[in-house]
Amino acid sequence: MARHRIFDMTFARVYPAYVNKAERKNRTREEVDRIICWLTGYDQAGLERQIEQENSFETFFAEAPAMHPNTGLIKGVVCGVRVEEVEDPLMQKIRWLDKLIDELAKGKKMEKILRE
């Protein structure tokens with residue numbers, strides 16, 4: 001199977017789209033950052049460093065300190081694909097992030113989004 005182009009896309013290029021999606025629905029950049037940090041284990045400084053370095057999605061997730069142990073609770077559909085059925089580990093991480101940002105934009109409470 002061909003390598004998906006999103007793997008090489010820079011996280012910094014997609015991050016503003018996550019923020020814009022949230023802000024259009026009266027959510028905040030801070031909430032987006034909290035979700036990303038929850039999922040990946042980055043602290044705020046680490047997240048900002050990844051954005052500044054313009055690392056690819058592949059590098060962004062490879063350097064993530066620790067994926068949250070509750071990622072298995074992230075279920076649902078993103079772009080017509082069930083996130084829990086995605087076979088490629090990197091694509092699944094990207095889809096998990098997409099799903100969490102979608103939930104934020106749909107108005108879910110942070111406690112539900114963060115599977116608390």
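Me: Which residues do ring pairs link into a cluster?

Reply: In this predicted model, ring pairs link Phe-11, Tyr-15, Tyr-18, Tyr-42, Phe-57, Phe-60 and Phe-61, where rings of Phe, Tyr and Trp (its six-membered ring) pair if their centres lie within 6.5 Å. Local features need pLDDT of at least 70 and side-chain atom pairs pLDDT 80 or more, while totals for chains, interfaces and linings use all residues. Residues are numbered from 1 along each chain as its sequence is written, and side-chain values use heavy atoms, without hydrogens and water.

Me: Why is the pair of Phe-11 and Tyr-15 called tilted?

Reply: Planes under 30 degrees apart count as stacked, over 60 as edge-to-face and the rest as tilted; the planes of Phe-11 and Tyr-15 stand at 40°, with ring centres 5.9 Å apart, so the pair is tilted.

Me: What makes Leu-104 buried?

Reply: Buried means under 20% relative accessible area, exposed over 50% and partly exposed in between (1.4 Å probe, protein chains only); Leu-104 has a relative accessible area of 0%, and is therefore buried.

Me: Why is helix 1 called roughly parallel to helix 5?

Reply: The axes of helix 1 (residues 11-24) and helix 5 (residues 89-105) cross at roughly 25° and come within 8 Å, the axes being lines fitted to C-alpha atoms, for helices over the stretch in contact, with angles from 0 to 180 degrees between N-to-C directions. Angles under 35 degrees count as roughly parallel, over 145 as roughly antiparallel, 65 to 115 as roughly perpendicular and the rest as oblique, so helix 1 is roughly parallel to helix 5.

Note on methods: Helix = DSSP H or I, 4+ residues; strand = E, 2+ residues; numbered from the N terminus.
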